Amino acid sequence: MLAVCLLSLFLCAMLTYRHFAYEHNIYRSKKIELKRLTVDATRQIAAILRQVMNTADSLADGLTRGTIDKRNMQARIRAVLAANPNYYGCGIAFSPYGYDRKTRLYAPYYSHSGPNGKLAYQQIGKIYDYTTSQYDWYTGPMAKGNRWGE
């Protein structure tokens with residue numbers, strides 16, 4: 001009887017050890033896999049952000065140099081958005097009377113917010129005054145220079 005008890009205790013201890021070792025191995029392998037997935041996702045996000053920065057720089061350069069003018073500006077931002085499904089929206093916001101002397105606020109904006117993700121157009125300057133302090137996407141960069149925003 002004592003032998004059976006000792007054998008049972010030994011088997012119980014061995015199975016408990018194997019269970020915890022197995023659990024530890026699964027945890028370790030899943031942790032490695034999650035780290036790899038995180039690194040891959042970080043690389044993908046970084047590539048998209050680089051593309052966004054290049055797009056913004058390209059639009060800014062085109063406006064500054066005059067290669068993007070008032071006639072083709074909306075078509076250009078629409079084309080940028082259509083070609084980049086990872087972008088939610090794309091627009092250009094002018095400072096007050098910066099578009100022309102008759103228009104105080106002008107900010108054409110396209111987004112994937114239409115039915116079934118189709119492109120939708122909005123003239124932000126007609127919807128709200130984006131130059132007020134509550135709209136940090138405009139006032140922040142105007143006060144502090146280029147930066148990422150929400």
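Read along the sequence, this protein runs through the pattern α-α-β-β-β-α-α, which amounts to 4 helices and 3 strands, where helices (H or I, at least four residues) and strands (E, at least two) are DSSP runs numbered from the N terminus. The model is a predicted one, in which local features need pLDDT of at least 70 and side-chain atom pairs count only at pLDDT 80 or more, while totals for chains, interfaces and linings use all residues. Residues are numbered from 1 along each chain as its sequence is written, and side-chain values use heavy atoms, with hydrogens and water left out.

Turning to the overall form, the C-alpha atoms fill a box of roughly 100 × 30 × 30 Å along the principal axes. The radius of gyration, taken over C-alpha atoms, is 29 Å, whereas a compact globule of 150 residues would have one near 15 Å, by the rule of 2.2 Å times the number of residues to the power 0.38.

Of the 150 residues, 19% count as buried, that is, they have under 20% relative accessible area with a 1.4 Å probe and protein chains only. Among contacts (heavy atoms within 4.5 Å) with a separation of 6 or more, 37% come from residues 24 or more positions apart.

The protein carries 20 positive and 10 negative side chains, and the centres of these two sets lie 3 Å apart; Lys and Arg count as positive and Asp and Glu as negative, without His and the chain ends, and each charge is placed at NZ of Lys, CZ of Arg, CG of Asp or CD of Glu.

Helix 4 covers residues 136–144, and its buried residues are Tyr138, Thr139 and Gly140. After helix 4 comes Gly145, with a positive phi near 95°.

Conventions. Buried < 20%, exposed > 50% of the residue type's maximum accessible area, 1.4 Å probe, protein only.
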